[in-house]
Amino acid sequence: MIPPPKLDDRNFNDIVEEAISMNPRYAPEWTNHNPSDPGITLIELAAWMTDLLIYRLNQVPDKNYVAFLNLLGIKLRAPRAARALVRFSLVEGTVKQRVPRSTQISTPQATEENTVTFETSRDVVVCAARPDRCFSYFSNSYSENSRFIDPAPGTAAAPFEVFAGAQRIDRFLYLSDPRLGNAGEASLLRVFLGAPEHGGRDLARFLEWEYWEGTRWKELEPALIEIDRGEIAFLGPLRFEPTPVHHIEGLWMRGRLAEIPESEKDTEIDTIRVRVEVVGEGLLPTHAYANLDNNAFLTLDLGKNIYPFGKEPKVDCILYLACDELLGTADAYITIEMLLADSSVIPRPNPSEQLVLAFEYWDGKRWRHLGRSAPRGALPGSGDELGFHDDTKAMSQSGTVSFRRPKDMEALEINGQSKRWVRVRIEKGDYGEQGTYTLENDKWVFKDDRQLRPPALRSMTFRYREDYRDVKHALSFNDFQFTDVTEVARTEYTIFQPFQSKAEESPALYLGFVSKPPSDMLGIYFALDEELGLGSLPTDEAEVATTELDKYETMRRLSWESGQRVVWEYWDARDWRTLSVNDETQGFTSSGFVFFNASDDWVVSSKFTEERFWLRARLEQGGYVKPPRVRMVVTNAIDAFNQETIADEILGSSDGSPLQQFKFLRSPLLEDEVIEVRERHCWGDESAWLWQPDGRLTHYILWWTKNQRWEVRAAIPVLPLMRDRREAQGPLTLASSSNGAKPCGGAP
């Protein structure tokens, strides 16, 4: 129970301090305020007596409180029925159903005494089209509040602010390309965002980059290397995993606009391109085999010195190399670094002048040349179109072999492994010959004119580089909407803006309907966490009886209406259009219904990545003393009261005597009652006349409602009926000649 307020909450000390504080104004010469001063003693005596009076005043019974409030012009509210919110559900297969006013709803049937009956206060349309999404949006941030729509009993959560967002609305640039999968060990992923020179910040380094690694978006750390303007580089390994983005499956990375730049020109883009290269120590071949003259495949141990053609190389001895990560991209620049073994351990190779090494690849039908190399370097002819270059001079020295990976390179099964292979074959020549013993002058002489010294390698690594090329897919993401910018990003000298901010001008609450609501009056109930007091609009129930209070309430209403407005809008495929509503929440300042009639041109739109029929409430002007907070949003509901409507109850007939009384059969009587009186004399409008089928005028019908007076044609005010609302039985008293025209005899 709320404790009754005190009429005066001051205590003894408060009264003493208040009296002393007034001394400088009324007795400035009194400067000694010590407790020993006689004047202070008199103040304390007066304060003690006043404290006794305040104590007795605060013991005034409730009846006196009511009397005092009446003197101030504040009246008690009339008795009213208990109110409840009733929500209806449709049976399966039903799309819409109207529930008329005064429909009775009762608690489960037990005994007659325990059954509680409520009546709906107005018509309600129950339909299958109801909102299932609710978002609050303000200042580039949003909150999803869908769980507050029609919550199950007992699942109440902390209320949400109508016009407030908790999460930042991010804006992204999404890039996808199969080549991102090559960003493995020792790789360097480069992204180039070509942009016009405005002298502002470099957009590529202005974004915060992430990539999808299978379970989450993982942050990318920029590589600390020297790069050009418009570039950003990331060191591998980067384990990209495929994921769908806007219904497109692929390997994705994205750049997030961390903050809005000062100028929109700082985020303009001309072209978007990426490339991957392998730097540093490079990658070891995933498979390396030596195929000697006996057609046996020997697996080479790349962790030690190896003989790629064996220790006695001959024509058609072959070295097979595969590197899964690097040979998968057509037109990529492949570099194979070959370092000879230490010459103090293994002598340097001794190639013949006729030696030719053929570097080849499989095109699906046959082996084709990547290029040919001899001790004097790469041979002209085949392989020129692939940019073949050999610094090793047919493996006679340490160096690199480089070429562009052919587009028609296909996989082939070698030694049980289906890979894209680079093979190095001794086409002719050798690396020396074994020494032999010859008989000269009856002596065996060992001759080793061309000493056999095959190439031995201590390391063999692949490096990879590709040209900047357009990405396969480029998407921009703004305000929960994807836009495909792939084509415009591929077209040079076509500047576009990937980060188009569409921030709302005002805070807004969004409701998303799965299907279009019918063109009928629908209601949505908003249960607020608390009434907003002075920030709310005064209600019609605030009864005041003084000019001052009436003026105060009027000024407060005008101040609200001129300083604050919530506008309800829907999307018509081109713009947000104002929707006419009956807002009983009075701008989210009190719990109540918002009734609206769905417009015919309301169409689906995408918001918060959801395709819905969106309805929004936008705070167009004004503000709140405290932000409104909603506990729940209820659909297909209406308010019901613990009352029963009695129709066509006959109270009796007048015998023509003054102050005649009739009693109602049921009590207490609630507001909005209507009493019908049939008169033989005309007291009202002709529309209330009753005519017989033969054309004879027999009766006039007059209606009486609360606080209503009738006007006769002579403009004489008449109050023909009186009733005391305070009595439980609610008697109806007919007028006398002194206070109005009494009904004539026989008037029912």
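Where is A573 found? A573 sits in the loop between β38 (565-571) and β39 (576-578), and one of the views below comes back to it. What you see is a predicted model, in which local features need pLDDT of at least 70 and side-chain atom pairs count only at pLDDT 80 or more, while totals for chains, interfaces and linings use all residues. Residues are numbered from 1 along each chain as its sequence is written, and side-chain values use heavy atoms, with hydrogens and water left out.

**View 1. The whole chain, before zooming in.**
The protein chain has seven helices and 53 strands. Both are DSSP runs numbered from the N terminus: helices are H or I with at least four residues, and strands are E with at least two. Of the 748 residues in the protein chain, 41% are buried. Here buried means under 20% relative accessible area, exposed means over 50%, and partly exposed is in between, using a 1.4 Å probe and protein chains only. Now for contacts, which means heavy atoms within 4.5 Å. Among those in the protein chain with a separation of 6 or more, 70% are between residues 24 or more positions apart.

**View 2. Inside the largest nonpolar core.**
A nonpolar core is a set of buried Ala, Val, Leu, Ile, Met, Phe, Trp, Tyr and Cys residues joined through side-chain atoms within 4.5 Å. The largest one here has 69 residues, and L193, W209, M253, I272 and L357 touch the most other members. Strand β17 (residues 271-283) gives the most to this core, with five residues. Apart from it lies another core, of 31 residues, including C134, I149, V162 and L619.

Not counting residues up to four places away in sequence, R275 touches R179, L188, L189, R190, E466, D467 and Y468. V279 has its place in strand β17 too. With a relative accessibility of 25%, V279 counts as partly exposed. Leaving aside neighbours within four places in sequence, V279 is in contact with A186 and L188. The C-alpha atoms of V279 and L235 are separated by 9.2 Å, and these two are 44 residues apart along the chain.

L339 is found in strand β21 (residues 333-340). Once neighbours within four places in sequence are set aside, L339 is in contact with S398, A456, L457, R458 and S459. Take A456 as one of these: it is 117 residues from L339 along the chain, yet their C-alpha atoms are separated by 8.6 Å.

**View 3. A look into the largest cavity.**
Rolling a probe the size of a water molecule over the atoms shows where empty space is left. On a 1 Å grid over the protein atoms alone, a cavity is a set of points where a 1.4 Å probe fits but cannot get out, and lining residues have an atom within 4 Å of a point. Grid points are joined across faces, edges and corners, and a volume is the space filled by probe spheres set on the points. The count comes to five cavities of 30 Å³ or more, and the largest has a volume of about 90 Å³. Of the 14 residues that line the largest cavity, C127, A129, L522, G523 and N636 are the closest to its centre. β5 (124-127) and β37 (521-528) each supply at least two residues of this lining. By class, the lining has ten nonpolar, three polar and one charged residues. In that tally, Ala, Val, Leu, Ile, Met, Phe, Trp, Tyr, Cys and Pro count as nonpolar, Asp, Glu, Lys and Arg as charged, and the others, Gly among them, as polar.

**View 4. Two loops with a positive phi.**
Most residues other than glycine have a negative phi. A573, in its loop between β38 and β39, has a positive phi near 85°. H247 also has a positive phi, of about 70°, although it is not a glycine. H247 is placed in the loop between β15 (242-245) and β16 (248-257), and it is exposed, with a relative accessible area of 79%.

A disulfide is a pair of cysteine sulfur atoms within 2.5 Å, and the structure holds zero of them. C317 is buried, with a relative accessible area of 2%, and C323 is buried, with a value of 2%.

Definitions and conventions
On a 1 Å grid over the protein atoms alone, a cavity is a set of points where a 1.4 Å probe fits but cannot get out, and a pocket is an open set with protein on both sides within 12 Å along at least five of seven lines; lining residues have an atom within 4 Å of a point.
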